[in-house]
Amino acid sequence: MTKTMTLSAAAFAMTALAGAAMAQDNPMVGGAAMFADKTIVENAVNSADHETLVAAVKAADLVDTLNSEGPFTVFAPTDAAFDMIADESLQALMAPEAKDQLAKILTCHVVAANAMSDAIAGMIADDGGMHPVPTVGGCTLQAKMMGDKIVLTDENGRDATVTIADVRQSNGVIHVIDRVLLPKQ
């Protein structure tokens with residue numbers, strides 16, 4: 001084996017180990033490794049639990065935004081969360097003529113900051129048990145603790161629990177939630 005081939009093999013092995021380490025530091029989501037050196041969209045497309053969210057992000061034309069530098073904190077509803085919405089309503093939201101409404105709903109799940117769960121919990125404690133969370137969609141969520149879980153309440157009084165926290169991304173963080181949050185109706 002030549003010296004070049006040995007160095008190339010060593011470089012490949014180090015790159016593979018670094019990638020594995022980056023995924024190892026993150027929780028698995030939807031049966032897929034999440035890589036801290038990939039964007040929110042690049043990771044979300046691999047999660048079997050976020051197919052509806054990915055389709056909605058595409059339908060709302062938000063892919064470029066969520067692939068941009070950020071930082072963003074995304075409260076990412078699972079497919080099971082979207083399943084709580086009537087099929088007809090969800091189909092209507094995904095239609096091209098509802099793009100603005102869908103974008104409003106999705107951006108009410110996005111904060112223009114990199115907020116890890118310990119920071120959110122600290123803000124909740126500092127604010128006496130409830131912390132307002134302004135989103136890029138113009139909604140204000142209310143964050144509180146229920147045991148060791150963060151719970152977000154939307155403007156309609158609906159609660160979503162963070163089921164997987166602190167999934168690091170190159171442009172922010174994802175917190176998986178169990179309900180779709182909606183702007184005030």
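User: Is serine 47 buried or exposed?

Analyst: This is a predicted model, and in it serine 47 is buried, with a relative accessible area of 2%. That counts as buried because the cut-off is under 20%.

User: Where in the chain does serine 47 sit?

Analyst: In the loop between helix 2 (40-44) and helix 3 (51-59).

User: Which side chain does the side chain of serine 47 make a polar contact with?

Analyst: That would be histidine 50, and the polar contact is 2.8 Å. If you leave aside neighbours within four places in sequence, serine 47 is also in contact with Val29, Gly30, Ala32 and Met34.

User: Switching topic: how many disulfides are there?

Analyst: The count comes to one disulfide. It joins cysteine 108 to cysteine 139, with an S to S distance of 1.7 Å.

User: Why is the disulfide called right-handed?

Analyst: Because the torsion about the S-S bond of cysteine 108 and cysteine 139 is about 60°.

User: And which parts does the pair tie together?

Analyst: Cysteine 108 is in the loop between helix 7 (99-107) and strand 2 (110-111), while cysteine 139 is in the loop between strand 3 (131-134) and strand 4 (140-146), so the pair links parts that are 31 residues apart in sequence. Both cysteine 108 and cysteine 139 are buried.

User: OK, strands now. How do strand 3 and strand 4 pair?

Analyst: They're antiparallel, over four bridges. Strand 3 and strand 4 form a hairpin with five residues between them, and glycine 138 in the turn has a positive phi of about 90°.

User: What about strand 4 and strand 5?

Analyst: Strand 4 and strand 5 (residues 149-153) run antiparallel too, joined by five bridges. Methionine 146 has lysine 149 in strand 5 as its bridge partner. This hairpin has two residues between the strands, and glycine 147 in the turn has a positive phi of about 70°.

User: Last thing, the inside. Which residues touch the most other members of the largest nonpolar core?

Analyst: Leu66, Val74, Leu106, Ile174 and Val180, out of 29 residues in that core. Several elements give two or more residues to this core, including strand 1 (72-77), helix 6 (87-94) and strand 7 (172-177). The largest share, four residues, comes from helix 7.

User: What does leucine 66 touch?

Analyst: Not counting residues up to four places away in sequence, leucine 66 touches Thr39, Ile40, Val41, Val57, Phe72, Val74, Val110 and Asn171.

Technical notes: Residues are numbered from 1 along each chain as its sequence is written. This is a predicted model: local features need pLDDT of at least 70, side-chain atom pairs count only at pLDDT 80 or more; totals for chains, interfaces and linings use all residues. Side-chain values use heavy atoms; hydrogens and water are left out. Buried means under 20% relative accessible area, exposed over 50%, partly exposed in between (1.4 Å probe, protein chains only). A polar contact is a pair of N or O atoms within 3.5 Å; within protein, one must be able to donate a hydrogen and the other to accept it, and residues adjacent in sequence count only if both atoms are side-chain atoms. Contact means heavy atoms within 4.5 Å. A disulfide is a pair of cysteine sulfur atoms within 2.5 Å. Two strands pair if DSSP finds at least two bridges between them. A nonpolar core is a set of buried Ala, Val, Leu, Ile, Met, Phe, Trp, Tyr and Cys residues joined through side-chain atoms within 4.5 Å.
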